[in-house]
Amino acid sequence: MTVTKSLSLTLEQFLKLPETKPPSEYINGEIIQKPMPKTRHSRLQGKIINTVNKVTEANKIAYAFPELRCTFAGRSIIPDIAIIRWENIAFDDNGEVVDDVVIAPDWTIEILSPEQSSNRVTGNILHCIKYGCQLGWLIDPDDRSILIFQPQKEPELKYGKDDLIILPGIELNLTVEEVFGWLKMS
């Protein structure tokens with residue numbers, strides 16, 4: 001993870017910079033480059049996105065986006081998965097999604113990478129919750145746990161056969177064990 005202290009760079013100036021690979025986030029005056037995802041991260045990300053979209057897209061309930069830049073309340077972050085309720089997705093006159101998302105996702109999911117600071121990632125989830133997000137997951141592949149965040153509630157740490165909390169309105173039942181079971185491909 002690369003951190004560049006930029007006290008003189010505003011959020012507006014940051015947004016005009018060319019995108020980096022991997023992408024960078026703007027948090028508290030710092031430009032922080034996200035680590036490049038590895039296999040476990042990518043596998044979990046893809047399976048969660050497909051699972052959510054399978055039960056939400058056809059009925060226009062919500063949509064799960066991978067690596068979507070969300071800029072709101074002084075930050076520009078890129079959750080690993082941003083799930084937005086259909087009524088909160090901005091569309092143009094042609095019915096296409098608008099590129100710039102300027103709201104917190106309704107459900108944010110982060111998959112912790114070994115080189116990431118869990119506090120920094122948790123800070124992004126808490127920022128989302130503070131500004132309208134209804135649910136946050138912090139997935140830790142190393143200890144096979146998922147930390148759940150909700151507004152006005154204490155975080156809940158889930159393991160094994162524990163049922164996961166899903167965004168209301170999404171008909172999906174998952175356990176921690178099922179999520180990490182997706183890592184097995186043979």
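Contact here means heavy atoms within 4.5 Å.

**View 1. Overall fold of the predicted protein chain.** This is a predicted model, in which local features need pLDDT of at least 70 and side-chain atom pairs count only at pLDDT 80 or more, while totals for chains, interfaces and linings use all residues. Residues are numbered from 1 along each chain as its sequence is written, and side-chain values use heavy atoms, with hydrogens and water left out. Among contacts between residues at least 6 apart in sequence, 54% join residues at least 24 apart. The protein chain has four helices and eleven strands (DSSP runs, H or I of at least four residues for helices and E of at least two for strands, numbered from the N terminus). Its radius of gyration over C-alpha atoms is 16 Å, close to the 16 Å that the globule rule gives for 186 residues, so the chain is as compact as a globular protein of that length (the rule is 2.2 Å times the number of residues to the power 0.38). Along the principal axes, the C-alpha atoms fill a box of roughly 50 × 40 × 35 Å.

View 2. A nonpolar core is a set of buried Ala, Val, Leu, Ile, Met, Phe, Trp, Tyr and Cys residues joined through side-chain atoms within 4.5 Å; buried means under 20% relative accessible area, with a 1.4 Å probe and protein chains only. Of the 186 residues, 48% count as buried. The largest core holds 27 residues, of which Ile 83, Trp 107, Trp 137, Ile 139 and Ile 146 touch the most other members. Elements giving two or more residues to this core include strand E4 (62–66), strand E7 (81–85), strand E10 (145–149) and helix H4 (176–181). Helix H2 gives the most, with four residues.

**View 3. Ser 24 in strand E2.** Ser 24 is found in strand E2 (residues 24–27). Ser 24 is buried, with a relative accessible area of 6%. Not counting residues up to four places away in sequence, Ser 24 touches Phe 14, Ile 31, Ile 32, Gln 33, Arg 69 and Ile 78. The C-alpha atoms of Ser 24 and Leu 11, 13 residues apart along the chain, are separated by 12 Å.

Conventions
Buried means under 20% relative accessible area, exposed over 50%, partly exposed in between (1.4 Å probe, protein chains only).
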